[in-house]
Amino acid sequence: MVAVEKKPWIETPLIESAPLSKTAGCRVFLKLELLQPSGSFKSRGIGNFIRTTLRHPSNKGKNLHFFISSGGNAGLAAVIAARDLGCSCTVVVPLSTKPMMVQKLWNVGATDIVQVGASWFEADTHLRKTFIENQDVSKTGTENVYVPPFDHPDVWAGAGTLIEEVAKQLPARENEGGPFPADVVICSVGGGGLFNGVVGALGRHIEAQKGSEAAAAGRKVRVLAAETKGADSLALSLREQSLQSLPAITSLATSLGALQVAPQAFKYAQSPPAGVDVVSVVRSDAEAARGLVRLSDEHRLEVELACGISVDLGSSAKLKESVSDLTPESRVVVVVCGGSNISAETIAEYRQKLADGWA
């Protein structure tokens, strides 16, 4: 039975990190998206897409089967959202997907898992051609629905709900500092689903504050768009001043491995909404590993490299290279976006590599 009123994501905690704040020289808050049902922020965006699709009047009474291409995290979010909303979901993954992730997809209730292609792009192409473009609903009685992993307004709107939560969760300022209660938001950028959600929601929040004392302060919110070298498709597009594709993904942070960001992500980075500034930051895989190791040590939380890069950026003295006017009272929110392709053994491996001089 379809339960379209249920939200397939949760409100996650926002905690202030004393050890990370000490290193960064400002107040660092962690938005714990790794606690979502799927283990990552993708529960919001993909969950919102599936829920919105089911609630659309044109789909009333239809038997829908959702299909998503994924290296893992988007697939987990789709399967769990579909399961919780009472419908089916099949995941198409590239052959490079680790057995651990494939097993997780089965464990949470995937209807089927198809492994094909050398990359996400090839898996996605197979999905579209095989299950979406040539389907015959009159024969099967079921309509197959393509779930975009990151490039869709409903996905962005879902991701943006975390900004609404942060606005409520941050402690009140003693003095007004601007139309949003944080000075900086740091998020990882892969295809741009999270980034689009964050920037769009900040723009809407600031617009809604027009005329208030906070808005009159005029201070912009900075969004640091964090990528790892070798998965830096947004940074490449900004350098070239046009939407570009990477020739290949060479970063170990494969969850950031979109050869090209969503066009809207490039637009937002070039021309964000009023009251928002975007700063592109690219760091190494080693720095991403340092972030996830530190998060594990300081807060007993496990995340992927794709998330570790934002953690390291937000907990490093180097933060002032990107935001030069930080003060001890400045508020920095790190979106701890999570990811399920991680284990204690992998963290131990990264810890050793860092000790051996990985940089």
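I looked for aromatic pairs first, and a search of the whole structure, which is a predicted model, turned up three of them. For Phe67 and Phe131 I found ring centres 4.7 Å apart and planes at 25°, and because planes under 30 degrees apart count as stacked, I noted this pair as stacked. I then checked where the two residues sit: Phe67 belongs to strand 3 (residues 64–69) and Phe131 to helix 5 (residues 120–132), so that the pair links distant parts of the chain, 64 residues apart. Phe67 has a relative accessible area of 5%, and I therefore wrote it down as buried.

Trp120 is in helix 5, whereas Phe150 is in the loop between strand 6 (143–146) and helix 7 (153–169), so the pair ties together parts that are 30 residues apart in sequence. Are these two residues buried or partly exposed? Trp120, at 26% relative accessibility, counts as partly exposed, while Phe150, at 13%, counts as buried.

I also looked up charges over rings, and saw that the charged end of Arg128 sits over the ring of Tyr146, 4.1 Å from the ring centre. Lys353 lies over the face of Trp358, with 4.0 Å to the centre of the ring.

Last, I followed the strands: strand 4 (residues 88–93) pairs with strand 5 (residues 112–115) in the parallel sense, over four bridges, and Val92 stands opposite Val114 of strand 5. Together with helix 4 (residues 99–107), strand 4 and strand 5 make a β-α-β unit, which I recorded as right-handed.

Technical notes: Residues numbered from 1 in each chain as written. Predicted model: local features only at pLDDT ≥ 70, side-chain atom pairs only at ≥ 80, totals over all residues. Heavy atoms only, no water. Pairing = 2+ DSSP bridges. Right-handed = clockwise from strand over helix to strand, strands pointing away. Phe/Tyr/Trp six-rings, centres within 6.5 Å; stacked < 30°, edge-to-face > 60°. Buried < 20%, exposed > 50% of the residue type's maximum accessible area, 1.4 Å probe, protein only. Lys NZ or Arg CZ within 6 Å of the ring centre and 35° of its normal.
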